[in-house]
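Subject: Structure handover

Hello,

Here is the structure you will be working with. Please have it open while you read the notes under it.

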Amino acid sequence: MEHPENSNEYKGLTVNDGVEHPASVNPYMTHRKKRRIMSVDEYVDGILKGNVTILSQAVTLIESTNPDHQIIAQEVIEKCLPHSGNSVRIGISGVPGAGKSTSIDVFGLHVLQEKGGKLAVLAIDPSSERSKGSILGDKTRMEKLSQHPDAFIRPSPSAGSLGGVARKTRETIVLCEAAGYDKIFVETVGVGQSETAVHSMVDFFLLIQLAGTGDELQGIKRGIMEMADAIIINKADGSNIEKAKLAATQFKNALHLFPAPESGWLPRVMTYSGFYNIGVKPIWDMIFEYIDFVKHNGYFYHNRNEQARYWMYETINEHLHDSFYHNPIIESMMKQNEDNVLQGKVTSFAAARNLLDIYWKEMKNK
């Protein structure tokens with residue numbers, strides 16, 4: 001293209017044509033084939049054979065909000081259900097910075113070396129309330145375990161769900177068990193919200209604490225301590241050993257004030273160092289002692305039945321919630337009712353009752 005600047009009017013000024021702009025899209029991308037969507041039987045067959053890639057894809061399917069994906073996911077879960085239930089499920093919680101990920105790295109390697117088998121870690125990453133995004137960086141904090149051939153680490157966004165537990169974690173447990181994982185860790189975001197969700201899907205609830213951070217007993221809520229089957233004090237090494245022992249004594253004294261657990265097990269308090277791998281074996285011996293104890297007295301199976309009942313009602317609540325908020329008529333009227341509340345024309349309760357009445361009337365007419 002001839003530039004006007006090269007005319008006689010602009011003697012002494014020369015403008016080159018420049019370099020042609022490369023295409024903004026990689027030309028090789030046009031030859032890339034779309035991944036074929038697998039059938040339900042292909043998913044199930046791959047999971048039962050322990051194929052990690054297919055297992056990961058199935059978990060992604062479960063977490064998807066696409067209705068078509070959900071239909072396939074539920075069929076996969078139904079077919080995997082008879083092959084599940086044969087693992088030890090352990091919930092791990094604690095205050096932020098207590099060293100949960102580092103501890104899981106050490107715990108996981110220990111149990112794989114001592115007991116063999118396979119381990120799945122379902123690590124829950126906090127989602128941003130503003131951007132709804134998650135870092136999903138747990139694998140970077142579990143360096144050794146993430147490289148182990150018998151370990152499967154799946155970080156999932158909490159997506160604002162109760163207690164920081166990913167909404168579909170329970171279904172993921174079913175798939176992992178069907179894939180042959182006989183030990184499951186569920187790591188929660190941390191103390192601050194209700195931990196009922198994680199407690200209702202595990203056999204053993206482990207609470208990790210730190211010493212030397214002020215009043216330890218004020219750092220967590222009573223309800224969480226009542227749920228814990230064991231409290232372990234991390235970073236009990238070097239000059240922090242005495243502080244850890246003192247914190248352990250305080251927790252032991254506090255636990256005596258709580259009602260006796262239904263399991264009949266007296267929760268224990270132990271100290272260890274995840275970074276230096278000190279005191280890890282006694283913790284695992286205690287966990288397996290607990291599993292033998294509750295299996296012997298029948299609480300293990302009773303607890304799992306109660307958990308199944310709990311999740312039936314939770315699923316009903318979830319579907320009712322989605323049905324209401326995704327209803328086209330409700331969506332169209334929500335803004336008007338919200339404005340009426342903000343302008344003081346009606347109370348919050350009257351607006352809610354009005355929307356619910358419209359919803360139930362429409363459900364009857366269907």
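This is a predicted model: local features need pLDDT of at least 70, side-chain atom pairs count only at pLDDT 80 or more; totals for chains, interfaces and linings use all residues.

Residues are numbered from 1 along each chain as its sequence is written, and side-chain values use heavy atoms, with hydrogens and water left out.

The whole chain

The chain has 13 helices and seven strands. These are DSSP runs numbered from the N terminus: H or I of at least four residues for helices, E of at least two for strands. Of the 366 residues, 43% are buried (under 20% relative accessible area, with exposed over 50% and partly exposed in between; 1.4 Å probe, protein chains only). The accessible surface is about 21,300 Å², and 55% of that surface belongs to carbon and sulfur atoms (Shrake-Rupley method, 1.4 Å probe; for residues, only the protein chains shown count as cover).

The second largest pocket

A pocket is an open set of points on a 1 Å grid over the protein atoms alone, where a 1.4 Å probe fits, with protein on both sides within 12 Å along at least five of seven lines; lining residues have an atom within 4 Å of a point. The second largest pocket holds about 590 Å³ of space (the volume filled by probe spheres set on the points, which are joined across faces, edges and corners). Its lining has 29 residues, and His199, Glu226, Pro261, Glu262 and Tyr299 lie nearest the centre. Two or more lining residues come from each of β5 (204-210), α8 (222-227) and α11 (299-325). The largest share, seven residues, is from α11.

Two residues

Lysine 183 is in strand β4 (residues 183-187). Lysine 183 counts as buried because its relative accessibility is 6%. Its side chain reaches the backbone oxygen of glycine 116 at 2.8 Å, a polar contact (N or O atoms within 3.5 Å; within protein, one able to donate a hydrogen and the other to accept it, and residues adjacent in sequence count only if both atoms are side-chain atoms).

Serine 84 lies in the loop between α3 (67-80) and β1 (88-94). With 19% relative accessibility, serine 84 also counts as buried. The side chain of serine 84 reaches the backbone oxygen of leucine 81 at 2.7 Å. Leaving out residues up to four places away in sequence, serine 84 is in contact (heavy atoms within 4.5 Å) with Val174 and Glu177.

Regards
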